[in-house]
Amino acid sequence: MNVNQSIPPVPPFGQPQPVYPGYHQSSYSGQSGSTAPAIPYGAYNGPVPGYQQTLPQGISRAPPSSGAPPASTAQAACGQVAYGQFGQGDVQNGPSSTVQMQRLPGSQPFGSPLAPVGSQPAVLQPYGPPPTSAQVTAQLAGMQISGAVAPAPPSSGLGYGPPTSLASASGSFPNSGLYGSYPQGQASPVSQAQGHPRIQTPQRSAPSQASSFTPPASGGPRLPSMTGPLLPGQGFGGPSVSQPNHVSSPPPQALPPGTQITGPLGPPPPMHSPQQPGYQPQQNGSFGSTRGPQPNYGSPYPAAPTFGSQPGPPQPLPPKRLDPDAIPSPIQVIEDDRNNRGTEPFVTGVRGQVPPLVTTNFLVKDQGNASPRYIRCTSYNIPCTSDMAKQAQVPLAAVIKPLARLPPDEASPYVVDHGESGPLRCNRCKAYMCPFMQFIEGGRRFQCCFCSCINDVPPQYFQHLDHTGKRVDAYDRPELSLGSYEFLATVDYCKNNKFPSPPAFIFMIDVSYNAIRTGLVRLLCEELKSLLDFLPREGGAEESAIRVGFVTYNKVLHFYNVKSSLAQPQMMVVSDVADMFVPLLDGFLVNVNESRAVITSLLDQIPEMFADTRETETVFVPVIQAGMEALKAAECAGKLFLFHTSLPIAEAPGKLKNRDDRKLINTDKEKTLFQPQTGAYQTLAKECVAQGCCIDLFLFPNQYVDVATLSVVPQLTGGSVYKYACFQVENDQERFLSDLRRDVQKVVGFDAVMRVRTSTGIRAVDFFGAFYMSNTTDVELAGLDGDKTVTVEFKHDDRLNEESGALLQCALLYTSCAGQRRLRIHNLALNCCTQLADLYRNCETDTLINYMAKFAYRGVLNSPVKAVRDTLITQCAQILACYRKNCASPSSAGQLILPECMKLLPVYLNCVLKSDVLQPGAEVTTDDRAYVRQLVTSMDVAETNVFFYPRLLPLTKSPIESTTEPPAVRASEERLSNGDMYLLENGLNLFLWVGASVQQGVVQSLFSVSSFSQITSGLSVLPVLDNPLSKKVRGLIDSLRAQRSRYMKLIVVKQEDKLEMLFKHFLVEDKSLSGGASYVDFLCHMHKEIRQLLS
Amino acid sequence: MATYLEFIQQNEEQDGVRFSWNVWPSSRLEATRMVVPLACLLTPLKERPDLPPVQYEPVLCSRPTCKAVLNPLCQVDYRTKLWACNFCFQRNQFPPAYGGISEVNQPAELMPQFSTIEYMIQRGAQSPLIFLYVVDTCLEEDDLQALKESLQMSLSLLPPDALVGLITFGRMVQVHELSCEGISKSYVFRGTKDLTAKQIQDMLGLTKPAMPMQQARPAQPQEHPFVSSRFLQPVHKIDMNLTDLLGELQRDPWPVTQGKRPLRSTGVALSIAVGLLEGTFPNTGARIMLFTGGPPTQGPGMVVGDELKIPIRSWHDIEKDNARFMKKATKHYEMLASRTAANGHCIDIYACALDQTGLLEMKCCANLTGGYMVMGDSFNTSLFKQTFQRIFTKDFNGDFRMAFGATLDVKTSRELKIAGAIGPCVSLNVKGPCVSENELGVGGTSQWKICGLDPTSTLGIYFEVVNQHNAPIPQGGRGAIQFVTHYQHSSTQRRIRVTTIARNWADAQTQLRHIEAAFDQEAAAVLMARLGVFRAESEEGPDVLRWLDRQLIRLCQKFGQYNKEDSASFRLSDSFSLYPQFMFHLRRSPFLQVFNNSPDESSYYRHHFARQDLTQSLIMIQPILYSYSFHGPPEPVLLDSSSILADRILLMDTFFQIVIYLGETIAQWRKAGYQDMPEYENFKHLLQAPLDDAQEILQARFPMPRYINTEHGGSQARFLLSKVNPSQTHNNLYAWGQETGAPILTDDVSLQVFMDHLKKLAVSSAC
């Protein structure tokens, strides 16, 4: 602390800090006092009614805070430094330079000299313990906010003077800068400069922290940045500036913040605007919206109401004034992380390291912990006690993708063969041998790192230890040196004690009238002919071991005998759907190459045979049953590909009726829309899982098909659901075929069981994903592919040890696509902490959101949607409040202080809250909601990230020659320029938005039409034109598609067109038609919630 | 008409009828005292090459309850063009077409030689014959191969426009769709689940959405072939297709683990076959031909579980009430059989396996519908192959020797009533004035349905004389019986064959001689045997034997000539002389003795006994034995152990088996190879002679008998030894003193003992 303080930069900090408090106060007080609802930024709400009321408080607080702040900030700075982000900022500020220096070297040296894992934490702790921990965190929080702002800085600085500068983006930047420089901050220009640097640094935080610690001085600088966020409070003052520019204006206020608070009382708005220019940036950073605020402040708090639930609708407007550029920007965070962490490989040797964000491209080097591609945690530092955990309310969860695909330059896990004896395991807890196991007694025994049981080392596994107590062969054995590896399973790990036969794929094709009419069947059969050559195969195998079978069905089932010895396929009709069975054994499942002629003949004939069918009714459950029975009869696991068109209304088990009822939305019965209609589906799924039968369902509905019910079986068996509403060959062919190819070709593990073992002290208690559980510990997956993710939640059942940390071992037993039985092991070591600040410093918001979304999406099955949303908001508020209370520097309650790692939590959470499942718009069908609900359940972090916060890429901003993706912009209509075009993608949808005043030349070169008005709205394919722009855009689209596991169909949307509504739905920072709050409003709401909790 | 024998023979040739009594006792009381009931063996479709059908329809008595057909016994008034029905005495006008008749211009049906006449009916739609193959695929490879070849061969024998269908079964049941090009298509059913006819038709897509009545009517004729076309197709259209399909038939692919029987869903397969025809071609001649290679082991109609360690039920089990599945299975098949019969279809069972195949349970399917039952060891035997081929033999007109959907209507003159029938028929439950309340066989009706019949199908029909003793029939009065058989000829025409016979009445008290002389002991033996076998189906074996014995004793008492209590004085007239011997062999026959026979064998034997004509039936009761030797031409010899001599070759025909037995010396000679030496060519001829004769029998017999060539001491000699009268046994071997014949190691009584005992009882006044 002291050090920090001593550092020159400190002073500035001190200033900024005060600002923060003021900020908060104003906003908070205002909000809290005036309208509870005014959740949004304290700042916002504050401004209006709150302001007035609070003002006094604010004022009072402000001063003290400001006074105190310096110290705190200093400390905070340290913390920040640790984060790294600030580091840079600091450097710039002044102290920063030193900091940077130190960090860089520090971090590097650390890695090498010190035990990579331990060292850092250790370092940190020293710092933290005495004074910092809380402070640091606080700072961090501040940092974050500021960080977000940071990008904008330059403008802000500029803006400062002229509020309008817009620098909005930049404005935010300055804020951060301001913070760092706070003192300086006042001098707008300076702040800007700083802002930038900071941004860069922050991402490095993790490594840098360690280093930073050493140089306390650096901490100082960071602090400032921390404070930055505080400034926002000032922002309020800032708000005075009516325009966006205000953002910039707030900074000046920063100093006055205290005053600002007071300001609100009376004339603040005007006051601020003029005075505060310097401050403004700061304010922006935190509150963003400041502009209008002042007046608003004075007036009612109306802002609050914006949040749907909150009170005054009128208020919203004012709060919105918060400058959007001033609030934490996902784009900025992503960009920063990319810049900071995308360049160096992520080496997993160190315990408790927070990996780069999912949006960052980075290389992973496995040095003993599982790659973040396999496991990501909400926090890499776990509270030692359950009390702490409860206090923080941060869910402890890991998002595990056991079979994740790796980029080509990362090696897939080594396969270890221990022969007859099988993998070595702890006798007590059955954990598998891993790098964390301690060998003792000269290598004759080992102590289990999970349960501490001491086991004998079998003679054939014995090896001497070196002087460090490490086995001499540690680096020769993947299971002793790597985080992820595979064991060959012995026969003991197989069903019925028999090695499995190679799995099978069964294609089950709906041939009812609808399927024929849309051309689906013909298309599918044609595609299958070639697709069958690309069945997944193992390693370098020449041909796939997978056998295939075919079934068609309408209200009866047709099985096909495609035995290679036959001249023609044989069809066997089973019409006894009430009591399904498999009519043939031999010849149903065949090797593709051997039976190629027969299969081709079959696929040629299927469309012909049913060409004039008039059967419109279909069955569903019997189809799956048939597939499962077939696999059972063949004694193998496998996957069913089901191509289905309509609600199964034919008389058969699992018959459904149309129960879609939009009137149920927002009632207590809404949950029934997500629940399956009958229990038959669950029962069936259970049987499927027992057989290792995974179902991938392709739906082609024209109307309601009850996805909620139909998806039960795919969901519980680890399968996927694809939905192509109103399928038309011309329009949807590419999407369907692309999905199909991908789905068929992807590597799958079958008949899998996953178990997560943990150190004593925590325990996996809850699981989310596409699987089935028959007991509380084993995740059973009939099939598991590289896209499927299981989210596991942990709870304490005892104390954890800070020294030994917390270990996770995820063991997946599965049958490979060649029929080999294997165990894949992922190990991950996490740190444990006794200080909450450590927890908050090592969180990952993306993972957190992944967990929360899954939690909420499961919640809608049992609770009213509103209750689910409230739970989410409450939990989030508690998390942030806990931080505010325990980690942030003491400051006015009116300040919104967010932990650096979680500064995006509000915006992302808001996206979750307004997603179709939790807040459906009028155009969203029940099927869509159910579909999305089950999709999200098995999404990984990257997918949820982009799904909830879509990427919006401007197309003409960057030079045409540049080959990289253009930098994204925030998902808000304000960000759209009508002279530009944008691509928007969320992993499922892809829009090309064309501004009304796009240059004609651009229109010509992209669409080959002469004017905007001639562009066909809803176009799904761009013409192939030979010009750089067209090539680039199409190339970009292709590359976006390649990044996602599902093909995104392109929709061209013209500005002011009908389709634009659809597009706008994805601009998630804006208020949505269905009542979803805008980002700004939500932030205010959140702030208010937090304040309530704090008071 | 010199003798009764000739009379009987002529009647049989002309009308296919043999009565137990050819002069009828004129009162009920006397009739009952005759012991052997008044009954006849009727062969409705007896081949009459000399009897071309007339191309018009019969003239019926106009009395609604009578409807007898105009016949030679009717009194005709040529002037008024009236005729009097000889059954109800109704006077009827001739139809206009008969306007030109006169005493010299009589229609055929009035001529005495046309006591049997066949009418051909022109109206009504002709529907093709239908053959539905129901094939077991749980067979050994070579068995299945042989069966496939037989089936493929049979396609060439079918009339080109006949419809064929194919159902295969094993663990599942597959109904093959024959109309499709390219992909062969079949509907598959679980073998464990019984389905109602409605369900089956639904699942096969045979039910059409209900149409308004007025539309449905006219559409029907065309719709029929359309609806069914997927499963039943004209041979000429799809024989290539079906040949391929049969060729591709594979063994049931489901694995059969060690110690298990394959799962065979015979019950469901049959049920589906029945349901399919029921839904598509009710009341049209159709054959369901079931080929099975083992017992049904699952689902409805299962006869035994799939555990090999639990053997299939034996008579012993049945007596102990230890046959778990029997009752249920029997019920299932009976239900199927009665449905089939109601639809006018018939079910053949071709069961070829070394073990039992459940014929006991399934017998009703063949018995009630007039289908064939064939039992063999393997489909890869000439027994099966030739038997199967013989089904498709043609008569002198080039028509198949099969007819379908027949109804037999019996009319009697007032003094008689109908007591019942025994044969491959079911009752149509037509009550009428001439139906007796006392049932013998299937009674309580005057009409029966015979779904499948051939020229040798023979029914035993039993009558009761109801004329009261105090209402004598005028001297010279004659009783008349008319048999009217409507049937679908194999050429798909509907035909009616009418046989009208009359016999004299005689007062048993005064004219017993006449009656006695007119006794047809062969027919009587067969008719009594049928009654006995019929009873044996439902009663305990010993009870039936006791009943038979009592009947025999009573008959002997009634017609024997003896002094009371002096068995040595007992004599029977010529017309009765053979009867006790028939009874002796009947008692020993597999129809009544189940010892040493499996329940399936018993069912099989009884099935054939109940449908073969008199000659064949007699062979079954008392096998024929021929002896070949150097001493003279082949001669029939006593079916007695004394006929088994070392220097003879014996040829025994039991209907089911043809046994050639080489005496000890002959066997040694043959072993020494004398037949190959030119100087012993006569020996070669001797060896060859019985073979040729056997071949002749084999050629004509349906089903093909088991052909056994054995010799003295051979294990198969048991077939002979078990049949011959054990006149020499280990008990009395030395008493006979001579080395003639071969001793039979049995405790069974010999004919001699039997006769002695019979005489004793007959002359005793005790009973």
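Predicted model: local features only at pLDDT ≥ 70, side-chain atom pairs only at ≥ 80, totals over all residues.
Chain A comes first. Its domain assignment gives domain 1 (417-482), domain 2 (504-745), domain 3 (844-948 + 1075-1094) and domain 4 (950-1067). Take domains 3 and 4 of chain A: their centres, taken over C-alpha atoms, sit 29 Å apart. Where they meet, nine residues of domain 3 are in contact with eleven residues of domain 4. About 870 Å² is buried between these two domains of chain A, and carbon and sulfur atoms give 52% of that area. On the domain 3 side, Leu935(A), Val946(A) and Phe947(A) stand out, supplying 49% of the area that domain 3 buries against domain 4, more than any other three residues. UniProt, in an unreviewed entry, lists residues 963-1036 of chain A as "domain: Gelsolin-like". That span is 23% helix and 15% strand, and its end C-alpha atoms lie 9 Å apart.

In soluble globular proteins, nonpolar side chains tend to be buried together. Here, the largest nonpolar core has 183 residues, and the members that touch the most others are Phe736(A), Phe463(B) and Phe483(B). Helix α13 of chain B (residues 521-538) gives the most to this core, with ten residues. A separate, second core holds 151 residues, including Ala397(A), Val865(A), Ala881(A) and Val1003(A). As for Phe463(B), its contacts beyond four places in sequence include Phe19(B), Leu38(B), Val410(B), Ile418(B), Ile481(B) and Phe483(B).

Two single residues round out the picture. Leu488(A) belongs to strand β10 of chain A, which covers residues 484-488. With a relative accessible area of 18%, Leu488(A) falls under the 20% cut-off and so counts as buried. Setting aside neighbours within four places in sequence, Leu488(A) is in contact with Val415(A), Val416(A), Asp417(A), Pro423(A), Gln820(A), Arg821(A) and Arg822(A). Val551(A), by contrast, is 63 residues from Leu488(A) in sequence and 34 Å from it in space, C-alpha to C-alpha.

Over in chain B, Asn86(B) sits in the loop between β5 (82-84) and β6 (91-93). Beyond four places in sequence, Asn86(B) is in contact with Asn71(B), Leu73(B), Cys74(B), Ala480(B) and Thr500(B).

Note on methods:
Residues numbered from 1 in each chain as written. Chains lettered and ligands numbered in written order. Heavy atoms only, no water. Core = buried A, V, L, I, M, F, W, Y, C linked by side-chain atoms within 4.5 Å. Buried < 20%, exposed > 50% of the residue type's maximum accessible area, 1.4 Å probe, protein only. Helix = DSSP H or I, 4+ residues; strand = E, 2+ residues; numbered from the N terminus. Contact = heavy atoms within 4.5 Å. UniProt positions renumbered as here; feature names shortened; annotations may be inferred. Domains from an automatic or database assignment. Buried area = accessible area lost by both parts, 1.4 Å probe.
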